[in-house]
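Please open the model in a viewer and keep the selection panel at hand. The stops below are given in the order in which they may be selected.

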Amino acid sequence: MPASNRTAHLDRVSDSVKRISWGEIGILALLLLGAFVAWALAYQAPIYARLAIGGDAASQRREDDAPFLSGFNGSEPYSGEDYRWWTLPPGYAYRWTTSDATIRFPGVGGGRWIMRLYASSGHADGTDAAVQWHFDNRSPTLLAISAHPRIYHLLGPINANGDLALHFQADAYTSPDDPRALGFVIRDVRLEPTSGLHTPALPYLYGLAATLILIYVLARWLALPINVARLLILTGTGIILLLLATNRLALTLIAPILPALALGCAALALSLQAILRRWGTSALPDQHAAGAAIGGIVVLVALAFALRAGGMLHPYALFSDAGLNANNLLETSLGIIYFTEGLPAEAGGGQAPYPPGVYLLLAPWQLIVPVGHVERILLIQIGVAALDSLVVALIWLLLRRSGARQSAALLGAAFYLLPPPLLESFSIGEYANIGGQALALPAIALLAWDAGQTRNRTGIVWLTLALVVGLLAHSGVTLSLGALFAAAWGISIIGDLRQRATRTLAYPTGDLALAGALALGIVVLVYYTAPQFLALFAERFGEGAATTNAAALSPMEKIGDLALSTLGLARPGGRTPLPLLLVISGLAGVALIAGQRNGRTAQWVLASVLIAWWVGTLISQGIILIADQGVRWAHFLYPALCLGAGPTLGAFWQHGKWGKAGAALILAITLVYGLTIWIVHLRDYLHI
């Protein structure tokens with residue numbers, strides 16, 4: 001971007017902030033005052049909460065009580081590998097407290113509440129449990145918990161923060177066959193309000209208001225129109241109002257971290273804005289308008305990060321693989337980069353190399369503050385969420401680079417706000433796969449990054465380095481990336497044979513072969529020839545082909561299932577189906593770009609890359625015939641679908657108000673589908 005254009009854009013951003021007049025501040029204050037009044041009224045809606053301690057046999061769900069408890073042992077009865085815990089004796093769920101336990105309902109507000117506990121001492125000899133209990137700011141009271149289950153009614157006030165917190169100190173109970181610290185047994189907790197005026201939990205409302213102010217200031221800094229910034233305030237106010245009235249505890253559980261999350265979004269947005277102003281816009285065809293276009297894509301990236309990080313940080317969310325990733329990050333920090341992980345039976349079973357790409361990228365961040373296991377999980381979650389959110393910007397850049405209009409580029413990027421396959425992996429904790437894919441995408445982007453001239457040695461070096469990073473990102477991503485580059489090389493050869501005047505890819509065929517060979521040689525030499533890997537390969541090859549799940553489909557059944565899954569008509573590997581409208585739009589976009597007879601060189605290049613992406617995905621699906629979990633092809637294909645869908649919806653956008661309405665409807669349906677999948681997975685995963 002020329003210096004004059006960068007200066008002009010900086011002046012616009014500076015002016016947008018400087019022009020925040022006293023009048024605008026006054027209107028913002030009135031909006032926030034109205035928000036406080038509306039939120040206070042929402043607190044008058046009574047809430048009735050129930051914690052099924054240890055699990056709810058009716059819904060067959062567990063761990064919904066965990067965010068409200070501290071000082072409690074695990075849910076019982078313990079079911080081990082059999083998740084049907086509701087069929088096990090004694091026929092009901094419960095938890096043992098420790099000698100010091102707390103039940104806390106955050107931000108409920110109001111005045112006094114009635115809490116009903118269904119509890120028993122749990123003592124095998126039939127004796128009572130002596131328990132000191134008290135609410136915050138109240139004196140302890142001695143309560144004898146009977147060995148026979150009964151309901152105890154407790155009346156208590158909220159504390160200064162608007163929380164209702166009940167504390168227990170019980171005499172330690174020693175069980176001959178249970179070494180845990182035990183207090184007494186609780187099976188159910190119910191909460192109901194008393195009559196009268198319910199005061200709001202002001203500290204929570206202050207935090208929510210601070211979050212809205214940060215969003216407003218960020219929007220104005222990014223030079224968004226003032227009406228858009230105000231609309232964000234009103235939208236946020238409405239969402240908070242709805243949640244306070246209908247699902248208050250789901251909001252108040254996460255409310256304390258929302259200001260920090262907003263600051264994280266602002267840091268990511270401002271960093272991306274600076275990078276795009278410095279380097280990104282200089283690569284776009286219409287540099288004069290590029291500066292003004294940055295604000296829109298930066299907002300989308302910040303929104304994508306908020307959706308991913310906010311979901312993972314909610315206390316209801318549980319993850320099966322988060323601890324594994326934290327341990328891998330620790331090993332990488334200690335210099336152990338040649339490690340393996342056991343594959344599940346459907347993936348062929350046994351140990352396999354586990355490339356450390358994303359861990360190497362995140363490890364230096366541990367130097368900022370001392371970290372433990374929990375902090376490493378948080379670092380990986382935030383880091384991978386940021387990496388995957390930046391894919392939104394990469395999609396926009398590639399579409400703009402190919403000559404697409406700003407509307408088409410933003411629509412294509414917006415499709416990646418809520419990608420169901422990746423969000424499902426986020427909810428499981430498959431961070432190495434998600435982060436590995438984000439690290440591999442720059443290598444693909446270089447194939448489409450037409451420079452309008454013959455590449456030199458510097459270009460080959462950059463492509464080689466990007467390929468090395470991608471091949472060391474994740475084993476499944478490595479297979480998909482290799483298949484895509486093989487397809488791209490084949491397409492480039494076909495283009496050479498047809499002697500096209502317009503170049504097929506950004507790199508000539510020979511350069512592709514050279515960069516691919518160099519990258520593969522470096523990765524094999526530096527990583528896969530480690531002694532432990534060579535011994536592993538020798539053992540696996542000596543055993544012959546890996547056996548897969550005995551209940552797997554036949555090859556023809558798998559081919560049919562893959563074909564339907566690729567079109568969004570079936571569940572890929574039993575996972576979430578691809579959005580059908582996105583698949584149709586993505587395929588139509590490839591045809592639309594490739595069919596432009598008088599297209600620019602950059603358009604031909606993007607079309608060739610998308611075709612190679614599809615062909616490479618089909619090639620990588622061949623691994624599914626051998627091992628069901630060999631590659632996450634739906635994850636890998638999703639950015640290509642977004643790149644194709646952008647021009648399709650962009651074409652709709654150019655056909656009047658009905659075309660705009662159609663494009664907006666397709667995008668909205670796809671995003672609502674993704675948001676629904678995200679919420680359901682966060683709510684349900686491991687809650688069994």
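Select helices α21 and α22 (residues 656-684), which pack at an angle of about 160° with their axes 8 Å apart; helices (H or I, at least four residues) and strands (E, at least two) are DSSP runs numbered from the N terminus. Axes are lines fitted to C-alpha atoms, for helices over the stretch in contact, and angles run from 0 to 180 degrees between N-to-C directions. The angle therefore makes α21 roughly antiparallel to α22 (over 145 degrees). Show side chains next: Y638, L649, F652 and W653 of α21 meet G656, G659, K660, A663, I666, L667 and T670 of α22, contact meaning heavy atoms within 4.5 Å. This contact has seven nonpolar, three polar and one charged residues; Ala, Val, Leu, Ile, Met, Phe, Trp, Tyr, Cys and Pro count as nonpolar, Asp, Glu, Lys and Arg as charged, and the others, Gly among them, as polar.

The model is predicted: local features need pLDDT of at least 70, side-chain atom pairs count only at pLDDT 80 or more, and totals for chains, interfaces and linings use all residues. Residues are numbered from 1 along each chain as its sequence is written, and side-chain values use heavy atoms, with hydrogens and water left out.

Move to α15 (residues 475-497) and α16 (residues 509-528), whose axes come within 9 Å and cross at roughly 155°. These helices are therefore roughly antiparallel to each other. On α15, select F485, A488, W489, S492, I493 and D496; on α16, select T509, L512 and A513, which complete the contact. By class, the contact residues are six nonpolar, two polar and one charged.

Which residues line the largest cavity? Select V391, L394, I395, L398, L441, I444, A445, A448, V609, W613, P639 and L643. Helices α10 (373-401), α13 (431-448), α20 (601-620) and α21 (633-653) each give two or more residues to this lining. The lining comprises 12 nonpolar, no polar and no charged residues.

Finish with the backbone. Most residues other than glycine have a negative phi, and most peptide bonds are trans. In the loop between β1 (49-51) and β2, Q60 has a positive phi of about 60° although it is not a glycine. Next, select the loop between β2 (69-72) and β3 (95-105), where P77 lies; a cis peptide bond joins E76 and P77, with omega about 5°. P90 is also found in the loop between β2 and β3, and the peptide bond from P89 to P90 is cis, with omega near 15°.

Definitions and conventions:
Angles under 35 degrees count as roughly parallel, over 145 as roughly antiparallel, 65 to 115 as roughly perpendicular and the rest as oblique. On a 1 Å grid over the protein atoms alone, a cavity is a set of points where a 1.4 Å probe fits but cannot get out, and a pocket is an open set with protein on both sides within 12 Å along at least five of seven lines; lining residues have an atom within 4 Å of a point.
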